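Thank you for passing this entry on to me. Please keep the model open while you go through the note, and check each point against it.

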Amino acid sequence: MSIKELVKQINAKKSFLCIGLDVDLNKIPEHLLKEEDPIFAFNKQIIDATHHLAVAYKPNTAFYEAYGIKGWESLGKTISYLNEKYPEIFTIADAKRGDIGNTSAMYARAFFEDMNFDSVTVAPYMGSDSVEPFLSFEGKFTILLGLTSNKGAFDFQTGISDGKELYKKVLERSREWENSERLMYVVGATKAEYLADIRRIIPDSFLLVPGVGAQGGSLEEVCKYGITEDIGLLINSSRGIIYASSGTDFAEASRAKAEELQKQMEDILNKR
Ligand SMILES: O=C(O)c1cc(=O)[nH]c(=O)n1[C@@H]1O[C@H](COP(=O)(O)O)[C@@H](O)[C@H]1O
């Protein structure tokens, strides 16, 4: 997928919502547990109920890896379903990978070639040669952890290194890497006050912004400082949408939650 196609979808749907498919068998409605593949059955109904309100879906691979081979199969079925039934949707494998070059190249093949995700999240800690193998894939995006939503972000990311905050150094240096136009960045919604500074370094890049809903981040605050001409934001909510109800009405309840966020996004887009 290209940025142009993503922006077109955002404008058509009046939404820049990303729905996180972080499926926990202890939280999904009980009636689904008798299905052959409860995780896929859950995802399929959530996707069918919300695809017109969201532009992206983000399965966090941890929630699939935790169930071993069966979990990987559920992830495989989910991405195939999205690619076949809703090819306009931008897909994110939230795997937070990154290793020495030849290993990163294999991770990239797993998510971009074998599973055909549009993007994957990657940690920057190992530097340029750990990220560039992901960036070498045309038509694919690497979403680098910039400033994360969690409390521990203050342990290292905001620490000073060579006279500036480490996360700023990551943003600046990554722009020099080969194929850096294929980079997007994660910035937690709980760190909205940092967005003005972040936009000075990466004025146009798309940001994946998790942390609204369950983690308490504010959509308005994020948009105030983070929105660009091309919108430039994908706002993720996982638990706040997919676990809206634990009954047989779970898909409709998730649609209602997604619609609440989409309407707020539409208002923000209309006011620009
Ligand atoms: O890369 C991410 O998506 C991510 C980065 C970050 O800084 N914070 C963060 O919460 N995430 C992910 O975003 C999702 C947030 O889920 P909810 O808090 O349930 O909406 C989870 O899959 C997290 O792993």
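This is a predicted model: local features need pLDDT of at least 70, side-chain atom pairs count only at pLDDT 80 or more; totals for chains, interfaces and linings use all residues.

1. UniProt, in an unreviewed entry, places the feature "domain: Orotidine 5'-phosphate decarboxylase" at residues 16-254. Over that stretch the chain is 39% helix and 18% strand, and the C-alpha atoms at its ends are 16 Å apart.

2. The ligand is surrounded by 20 residues, and the closest of these are Asn60, Thr148, Pro210, Ser238 and Arg239. When the shell is divided by class, it has 14 polar residues, three nonpolar and three charged. Two elements that each supply at least two residues of this shell are β10 (233-237) and α11 (239-242).

3. Two packed helices can be described by the angle between their axes together with the distance between those axes. Helix α2 (residues 38-50) packs with helix α4 (residues 68-85) at an angle of about 25°, and their axes are 9 Å apart. Because angles under 35 degrees count as roughly parallel, α2 is described as roughly parallel to α4. Their crossing is right-handed. On the α2 side the contact is made by Ile39, Phe40, Asn43, Lys44 and Ile47, while α4 contributes Gly71, Ser74, Lys77, Thr78, Tyr81 and Leu82. By class, this contact of α2 with α4 has five nonpolar, four polar and two charged residues.

4. Helix α2 also packs with helix α12 (residues 250-270), at an angle of about 45° and with their axes 9 Å apart. That angle makes α2 oblique to α12. The crossing of α2 and α12 is right-handed. Gln45, Ile46, Ala49 and Thr50 of α2 make the contact with Ala251, Glu252, Ser254, Arg255 and Ala258 of α12. Sorted by class, the residues of the contact between α2 and α12 are four nonpolar, three polar and two charged.

5. Which residues of α5 meet residues of α6? The crossing of α5 and α6 is right-handed. In α5 the residues are Gly101, Ser104, Ala105 and Ala108, and they meet Asp129, Ser130, Pro133 and Phe134 in α6. The contact of α5 with α6 comprises four nonpolar residues, three polar and one charged.

Definitions and conventions:
Residues are numbered from 1 along each chain as its sequence is written. Axes are lines fitted to C-alpha atoms, for helices over the stretch in contact, and angles run from 0 to 180 degrees between N-to-C directions. Helices (H or I, at least four residues) and strands (E, at least two) are DSSP runs, numbered from the N terminus. Angles under 35 degrees count as roughly parallel, over 145 as roughly antiparallel, 65 to 115 as roughly perpendicular and the rest as oblique. A crossing is left-handed if the near helix is turned anticlockwise from the far one by less than a right angle, and right-handed if clockwise. Two residues are in contact if their C-beta atoms, placed from the backbone, lie within 7 Å. Ala, Val, Leu, Ile, Met, Phe, Trp, Tyr, Cys and Pro count as nonpolar, Asp, Glu, Lys and Arg as charged, and the others, Gly among them, as polar. UniProt positions are given in the numbering used here, feature names are shortened, and annotations may be inferred rather than shown by experiment. A residue is near a molecule or strand if its C-beta atom, placed from the backbone, lies within 6 Å of it.
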